[in-house]
Amino acid sequence: MDAGSSVAVTEAFVRLYEAGLLYRNQQLVNWSCALRSAISDIEVENRPLPGHTELRLPGCPTPVSFGLLISVAFPVDGEPDAEVVVGTTRPETLPGDVAVAVHPDDSRYAHLHGRQLRHPLTGQLIPLITDSAVQPHVGTGAVKVTPAHSPADAEMGARHGLSPLSVIAEDGTMTSVCGEWLQGLHRFVAREKILSVLRERGLFRGLQNHPMVLPLCSRSGDVVEYLLKSQWFVRCQEMGEQAAKAVESGALELSPSFHQKNWQHWFSHIGDWCVSRQLWWGHQIPAYLVIDDHAKGDKEDCWVVGRSEAEAREVAAKLTGRPGAELRLERDPDVLDTWFSSALFPFSALGWPQETLDLARFYPLSLLETGSDLLLFWVGRMVLLGTQLTGQLPFSKVLLHSMVRDRQGRKMSKSLGNVLDPRDIISGVELQVLQEKLRDGNLDPAELAIAAAAQRKDFPHGIPECGTDALRFTLCSHGAQGDDLNLSISEVLSSRHFCNKIWNALRFILGVLGEKFVPQPAEELSPSSPVDAWILSRLALTALECERAFLTRELSLVTHALHRFWLHNLCDVYLEAVKPVLSHSPRPPGPPQILFSCADIGLRLLAPLMPFLAEELWQRLPSRPGCSPAPSVSVAPYPSACSLEHWRQPELERHFSQVQEAVQALRALRATYQLTKARPRVLLQSSEPGEQGLFEAFLEPLGTLSRCGAVGLLPPGVAAPSGWAQAPLSDTLQAYMELQGLVDPQTHLPLLASRRHKLQKQLDGLMAQNPVEGEAETKRQQRLSVLQMELSKLDKAASHLRELMNESPSSREL
């Protein structure tokens, strides 16, 4: 609604009107009586009903029955005992019937072709017409024709020259056309009155359960009515053909490619787009009605369009041949469909129409809405308008993500109680508020009970506050190439914890840098230790993986690369490894420079997926001397893999991965002997000379990361120290851990026995289960393997502790 967007919206409307692609006409529109406005196709929720269903609707005093087929008799004029029975699910539209239709080949009605029928309510004569669109095997094979309240009937009425009769008003009450006995009644109250009259006149022929699809307004919950309204429409057929051909020719690429089928179907069935809305908020339509007090008769309304009233007045003067100052103009009070202005957003955001668009800046366009259908609708509107206004396709690729479902893979539905409002995930919400939202909806009592119970089960404590960045990151972490996306709150909460981890990491880094820190140029950065070189290599690899994943539009690969670097490389490894180094006095200059580069580049890599967190933290970093810092991380240069390639050391990374495996093994050994606080000495012994040299460069970080004391090397062939715990790290590498003075065998043996008893009980329980098929059996076998391995470790530890008890103190010395 800002000035730039308003100018773009007005300009687009005027250009489309002048090109003959935008016109005003009386046509059927989707109408929400509760909103008193036309609504978009995408705002119509087609709800399938299995049969008789009662719903509470806005403005209606009692529940309304749907899913019933009412049979009504239309007497044949001139034949007292002859009648044509039609079935309808909407008896309130009977006053608007102008004909009854049958299939021309239906032999049951061949003798009645061209005859007149008596309307069951008004007694007026209406024709029996034949039309091939009627399905003779459905119901009685005869259908009522109500052109003013049914799209299909409107087409049929146009083919046969039938005049539509509007019997439902904008507010959902019956019009004066229906007569005084119905005028002003709510349409669903009028329904019951109509049925009573039909019974009284002996023209009611029964009702039965009838599965149907009920169109509901997704915003108000009211039943959508199809009303004849004078509105503004965009001609879409020719533009739709251009959009379809663009995908066929490859000029526009949709990713994933399976969306092409829906795209082609959508544009092959596209109708003219009603852009008028009767809402109090929005972009007011720049059209003016010329009020001509001198005009007489049934002259059509005269509408003019202009970027301003002055421009519209000039147009009106030329059109009427009268001085503009004498004309009285009334601006259309309606506003434009939100999709009209939102489809222009990518253009207006880049300065159109004042600035020439740089179309290359649209690639790639990444969108995160809830469902591919909604995205196709929005992008389709964007292509329609953008192609016409710019003279070319607005972009060459679009990235469409999958439909967001609940954690069980079910489509989100109010009746299931599994709808996740993004705002509730971002800000958090109490269970009570979630339940109140259900009660404020239009669910029937049975559905309300089911939905409320589901909410209490899924969100017993409500939804915790997760934040925008956590939700965005979670959505991006799912593969966009699949058919659906199962979203769970626990995943978003995990992403929030990841955000907290990044925040704490930056707080530590900023504390290390201090107020007088001066960053070195990235090209001058030189690692002073193998661990420094390793983290820079991992950072360069992360930039490369992000770059490749963005180019292939695999957002999940971007999130995985960033998660691995920030959490597993920087926080879990490098920060912990350099903490002892940073405590030295004087502090070495290398690690702070490394930390700054990790923070600066890491946040710029993170910014597209976590813009708020990245912005807040990046602004706190000191700026490099001699260069003007970008005003925002969102416009700072995105890290280029090519510029960081000189940091890559794949061989070093492979070596350090072996060090990390040793760290995990030593931590597991400490846990087996419950060395929670002790820092035991460690010796490594390898039968391969080259392998021993590999570990020699990482002895200090190995001890730090494994939470052990000093780590040394035991030459090949030298006997292992007596009484030390042993663990194989590989076929060629052994680790020995000091236990003397750190473990009391008499205290720890009962603890090991207790742990063994618990694990054995779990193992016996799994072994007693009958084998099953599929993923469940795979998980069971994996768990069995883990338990057996843990039991083996405990048995080995217990045996070693008993040996320690039998040894003399002197024999346990190194």
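**Overall form and selected residues of a predicted model**

Asn569 is buried, with a relative accessible area of 4%. Here buried means under 20% relative accessible area, exposed over 50%, and partly exposed in between (1.4 Å probe, protein chains only). The model is predicted: local features need pLDDT of at least 70, side-chain atom pairs count only at pLDDT 80 or more, and totals for chains, interfaces and linings use all residues. Residues are numbered from 1 along each chain as its sequence is written, and side-chain values use heavy atoms, with hydrogens and water left out.

Asn569 sits in helix α16 (residues 555-582). Helices (H or I, at least four residues) and strands (E, at least two) are DSSP runs, numbered from the N terminus. The Asn569 side chain makes a polar contact with the side chain of Arg538, at 3.2 Å. A polar contact is a pair of N or O atoms within 3.5 Å; within protein, one must be able to donate a hydrogen and the other to accept it, and residues adjacent in sequence count only if both atoms are side-chain atoms. Beyond its neighbours within four places in sequence, Asn569 is in contact (heavy atoms within 4.5 Å) with Trp534, Ile535, Arg538, Arg564 and Tyr574.

The protein as a whole has 23 helices and 28 strands. Its radius of gyration is 37 Å, well over the 28 Å that the globule rule gives for 814 residues, so the protein is more spread out than a compact globule. The radius is taken over C-alpha atoms, and the rule is 2.2 Å times the number of residues to the power 0.38. Along the principal axes, the C-alpha trace spans about 125 × 70 × 45 Å. Of the 814 residues, 48% count as buried.

Glu43 lies in the loop between β2 (37-38) and β3 (44-49). Glu43 counts as buried, at 14% relative accessibility. A polar atom of its side chain lies 2.8 Å from the backbone nitrogen of Ser40.

Most residues other than glycine have a negative phi, and most peptide bonds are trans. The peptide bond from Ser255 to Pro256 is cis, with omega near 0°. Pro256 falls in the loop between β15 (253-255) and α5 (259-268). Trp352 and Pro353 are also joined by a cis peptide bond, with omega about 10°. Arg553, not a glycine, has a positive phi of about 60°. Arg553 is buried, at 10% relative accessible area. Arg707 likewise has a positive phi of about 60°, but counts as partly exposed at 39% relative accessibility.
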